[in-house]
Amino acid sequence: MKSGKILTGLLIMLFCSGTVIYAENNIRIALIVKNLGNSFFEACRDGGLEAVKELGGSIDLIYHGPITPTVAGQIEIIASLIEQKVNGIAISANDIDALVPVCKKAMKAGIKVISFDSAIGKAGRILHLDPSSPEYIGRSQVKMMADMIGYRGEIAILSASPQASNQNIWIEYMKKELGKNKYDRMKLVSVVYGDDLSDKSYREALKLFNSFPELKGIISPTVVGLASTAKAIEDAKLKNRIELTGLGLPSQLKAYIKKGICKKMSLWNPIDLGYSAVYITYKLISGEFNGKAGEVMPVGRMGNITVDKNNNAVMAEPFVFDAKNIDKFAAIY
Ligand code: RAM
């Protein structure tokens, strides 16, 4: 098994460098992410490697994504995977619609395609694996921010890329939540996009500070955006002037949570997400899962995950991190 992991690790490295060597006759699964260099997806990759090891090691895991989160970059990678005749693709999509044609072509070529984290339109995949309920994620972000600012003041959202399926459905639910009477004294003044790039997210945060001098809070539903905005608030000495919450990696936000720059945030375990995505893809390839509405899929250490009527499956509920528990989780991911 150890050699399997070393080979898989080598495969990841070689593929990323553009050279790919496969073990003869192994099942080949590609985990395609929004962009490389994002710690969230590297944790997903680690979970995928855990699933490969647990499923018996005759699997080659290919980890890849564009350098910046573009649709064109992902289309090019999927077209290449079709040529390489991989057996399965699990992708976090940079756009819900634009990837459908190339993924339909992959499925026509016999490749099992699922999306995870950020959905592809239904016609482009067998099923979508949501980390958590999109409605719960969106609404809970607003509730956490409201508690922080006393349900009054201007707030903004600093998101990832404008076409990102997952952020966009979360923002839709944030706006629905903000429509409730109890938030009447809160006002969403802007939604900006940092493209899941640290420097761009940082600059967008600074622009928000300058454009909205009365801003009371920022919600950033992206681990890159949240970490960058926390740094921007600290650098601009705006702690307690602007409250911050969002979706963050405990290991990246620990210092900011302890300093009270980001008093609370939430997320799910990306290791579990990558484990579940690769596990499900393998079982679809082997025929043990069919991914049809109503199917209850036993996903190893994650237990049963059910496919709903829209062929979406929800992995788990988000977890709220704060100063009391951040040390424990920062040591894990
Ligand atoms: C970023 C990506 C990813 C999202 C997390 C919360 O890493 O946008 O798609 O799920 O943040």
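How far from an oxygen atom of the ligand does a polar side-chain atom of aspartate 196 lie? In this predicted model, local features need pLDDT of at least 70 and side-chain atom pairs count only at pLDDT 80 or more, whereas totals for chains, interfaces and linings use all residues. Residues are numbered from 1 along each chain as its sequence is written, and side-chain values use heavy atoms, with hydrogens and water left out.

For aspartate 196 the distance is 2.7 Å. Lysine 34 and asparagine 166 also each place a polar side-chain atom by a ligand oxygen, at 2.9 Å for lysine 34 and 2.9 Å for asparagine 166. A polar contact is a pair of N or O atoms within 3.5 Å. Of the 300 Å² of accessible area that the ligand has on its own, the protein covers 100% (Shrake-Rupley method, 1.4 Å probe).

The ligand is surrounded by 14 residues, the closest being Lys34, Asp117, Asn166, Gln167 and Asp196; a residue is near a molecule if one of its heavy atoms lies within 4 Å of it. The shell comprises 7 nonpolar, 4 polar and 3 charged residues, Gly being counted as polar.

Methods: A polar contact is a pair of N or O atoms within 3.5 Å; within protein, one must be able to donate a hydrogen and the other to accept it, and residues adjacent in sequence count only if both atoms are side-chain atoms.
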